[in-house]
Amino acid sequence: MWLLVSGVVMIGVGFSSTDRSNLVAELFEDLSSADGLLVLQVFGPITVVLSVLGICAASLDLKPLLLVFSALIFVEFVALMVVASPLVQVQAQMDSEVDNVFLNVTPLHRAEEYIQKELSTLQTSDSCCGLRSFEDWENQLPESCFCTSPAQLSAQPGNSGTCVVVGSDPSPSTTQVTDKLVHSQPCGPILKSYLSFPIKLRIGIISAVATITMAAIALCLALGLEEYWKKPPVETTVDDYNRVKYQPKPSLT
C-alpha cells in the first residue's frame, strides 16, 4: 500500500511544474532545474503498476506471483539508484555554480534592468540587500536596500542586528548614503534555497521510495517462501506396539 502511495507521489511531483521566481529563472537560466523530474515521471507509473501487482498477489496469496513481484521491484530499485545517483552530485556542485553566477552579474547597478527590478522586489519583501552583500551594488544602493521599518531603524550602529551603517560616498554623481542603515543579510542564500529546494525534494522522495521498496522486497520474499522456512504442522500417532510416529499433518486445502 505504501509503495502505491509513493508511486502516486512520484507521479504528482514529476509532472507538476516547479515554482521558480522570475528572478531565479533569469539568473539561473543556464542551470538545469529539471534534474530528477524524468526519474520521477518514468519510475512513478512503474511503481504504481508493480504495487498493484503486489497487492493482488498478496490478497490472493499467490506465492509464485509474490516472488515475481519481488524480483521486479528489485530490478526497479537497482535501476532507480543508478539513474538517480547523479542528483547527489548535482546538489553538491550547485553552490559553486551559483557563486559563479553571482560573480558574473555584479556589480548589480550594471546588470539588466529586469534583474535589478526583480531583485529590488525581493530585497523589499525579504529584508535583504545584494547577492553576496550590499557591496554588490557598490555605491549605488537602491531604496529597497535601506532599513525603513521602526524596528530596523532602532538598531544601533555597530550591533549585530539586521541592519548595518554604510559610509558616505564622496562622489556627487552617485547616490548619497550617508548615515543610512542597509540590510546586512544578502539575498543570495534565499535565491539558492529557491533553486535547490526542488532537487532536495526529489532526492528525499527517491530515498523514501527506495526504503519502502526494500521493505516490500523483504516482506514479499518472506510471504513467498513461507512454505520453505515455516515448519509444517506435525501430528503424532501411536501404533499397536506403543511406538510414537511423527508425520506431517495433512493440509485441509
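# A tour around helix H8

Select helix H1 (residues 2-15) and helix H8 (residues 188-224): they pack at an angle of about 160 degrees, with their axes 10 Å apart. Helices here are DSSP runs of H or I with at least four residues, strands are runs of E with at least two, and both are numbered from the N terminus. Axes are lines fitted to C-alpha atoms, for helices over the stretch in contact, and angles run from 0 to 180 degrees between N-to-C directions. The angle therefore makes H1 roughly antiparallel to H8, a label for angles over 145 degrees.

This is a predicted model, in which local features need pLDDT of at least 70 and side-chain atom pairs count only at pLDDT 80 or more, while totals for chains, interfaces and linings use all residues. Residues are numbered from 1 along each chain as its sequence is written, and side-chain values use heavy atoms, with hydrogens and water left out.

Stay with this pair. The crossing of H1 and H8 is left-handed, that is, the near helix is turned anticlockwise from the far one by less than a right angle. Now show side chains. On H1 the contact (heavy atoms within 4.5 Å) is made by Trp-2, Leu-3, Ser-6, Val-9, Met-10 and Val-13, and on H8 by Leu-201, Ile-205, Val-209, Ile-212, Thr-213 and Ala-216. These residues divide into 10 nonpolar, 2 polar and no charged. Nonpolar covers Ala, Val, Leu, Ile, Met, Phe, Trp, Tyr, Cys and Pro; charged covers Asp, Glu, Lys and Arg; the others, Gly among them, are polar.

H4 and H8 pack at about 155 degrees, with their axes 9 Å apart, so H4 is roughly antiparallel to H8. H4 passes H8 in a left-handed crossing. Among the residues in contact are Phe-69, Phe-74 and Phe-77 of H4, and Met-214, Ile-217 and Leu-221 of H8. By class, this contact has 18 nonpolar, 3 polar and 1 charged residues.

Next, select Ile-55, in helix H3 (residues 37-60). Ile-55 counts as partly exposed because its relative accessibility is 35%; buried means under 20% and exposed over 50%, with partly exposed in between (1.4 Å probe, protein chains only). Leaving aside residues up to four places away in sequence, Ile-55 touches Met-1 and Leu-4. Ile-55 and Met-1 are 54 residues apart in sequence but 7.2 Å apart in space, C-alpha to C-alpha.

Finally, show the whole protein chain. The chain has 9 helices and 4 strands, and 36% of its 253 residues count as buried.

Technical notes
Parallel < 35°, antiparallel > 145°, perpendicular 65-115°, else oblique.
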